[in-house]
Amino acid sequence: MSSRSRWLRFASPLNRLSDKQLDYLTNLDGKNRMAWCALIHEKNQEKGIGLSRYVKLTEENNVAEFAVTVVDEFQGQGVGYALLKKLIGSAMDNGITILRGYLHPDNKRMLALCKRLSASISIENTVCIKADIPVSGD
């Protein structure tokens, strides 16, 4: 990911994940902590091009925090939408009713994707927009 993409995703110039961050992002149980990965086959190898995940919040019943990351060269091609739709399906299966994302205000593609999925958008502060995507069977 480019430094700009990392900035839009993590709101910091992150070059490496800490052990705690890596555990938070990869310790999954398929219910309260879920992830989907998009892969392509290239030269007889699989290459990860995107990831969506959620972590159920303990302080709010049936709400999970979500995030989507797509490698730069595949952004704007529907990968994020497909990953988020898979995540919504998993959330619905697991009794989650709201997927909440915190977006950098400059992340226009992600903001547009959230709006496309009927998210309720609110400004948290100058560096954060909250997007609540309703999870339903529609």
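**View 1. Lys47 is partly exposed, its relative accessible area being 26%.** Here, buried stands for a relative accessible area under 20%, exposed for one over 50%, and partly exposed for values in between, computed with a 1.4 Å probe and with protein chains only. The structure is a predicted model, in which local features need pLDDT of at least 70 and side-chain atom pairs count only at pLDDT 80 or more, whereas totals for chains, interfaces and linings use all residues. Residues are numbered from 1 along each chain as its sequence is written, and side-chain values use heavy atoms, with hydrogens and water left out. The partner of Lys47 in a salt bridge is Glu73, with the closest N and O atoms 3.5 Å apart. Because Lys47 belongs to strand E2 (residues 45-56) and Glu73 to the loop between strand E3 (63-70) and H3, this pair ties together parts that are 26 residues apart in sequence. A salt bridge is here a side-chain nitrogen of Lys or Arg within 4 Å of a carboxyl oxygen of Asp or Glu, and by this rule there are three salt bridges. Glu73 counts as exposed, at 51% relative accessibility.

**View 2. Glu60, Arg100 and Asp132 are linked in a network of salt bridges.** Arg100 lies in strand E4 (residues 98-103) while Glu60 lies in the loop between E2 and E3, so the pair ties together parts that are 40 residues apart in sequence. Asp132 also forms a salt bridge with Arg100, the closest N and O atoms being 2.7 Å apart. With Asp132 in strand E6 (residues 128-134) and Arg100 in strand E4, this pair ties together parts that are 32 residues apart in sequence. Arg100 has a relative accessible area of 7% and is therefore buried, Asp132 is buried as well, and Glu60, with a relative accessible area of 31%, is partly exposed.

**View 3. Helix H3 has buried residues that line one face.** The 15 residues of H3 should span 21 Å at 1.5 Å a residue, which agrees with the 21 Å between its end C-alpha atoms; the expected span is 1.5 Å times one less than the number of residues. Val79, Gly80, Leu83, Leu84, Leu87, Ile88, Ser90 and Ala91 are buried in H3. Seen down the axis of H3, these buried residues fall within an arc of 165°, so they line one face of the helix, the arc being that of the directions from the helix axis to the C-beta atoms. Their cover includes E1, E2, E3, E4, H4 and E6. After H3 comes Gly95, with a positive phi near 80°.

View 4. Ser90 is buried because its relative accessibility is 7%.

**View 5. Lys43 and Ser118 have positive phi values, each in a residue other than glycine.** Phi is near 55° for Lys43, which is placed in the loop between strand E1 (33-42) and E2 and is exposed, with a relative accessible area of 77%. For Ser118, phi is near 65°; this residue is found in the loop between helix H4 (108-116) and strand E5 (120-125), and at 54% relative accessibility Ser118 counts as exposed.

**View 6. The chain has four helices and six strands.** Helices (H or I, at least four residues) and strands (E, at least two) are DSSP runs, numbered from the N terminus, and from that terminus the elements run α-α-β-β-β-α-β-α-β-β. Of the 138 residues in the chain, 38% are buried. Among contacts between residues at least 6 apart in sequence, 51% join residues at least 24 apart. The accessible surface of the chain is about 8300 Å², 50% of which belongs to carbon and sulfur atoms; accessible areas come from the Shrake-Rupley method with a 1.4 Å probe, and for residues only the protein chains shown count as cover.

How values were computed: Contact = heavy atoms within 4.5 Å.
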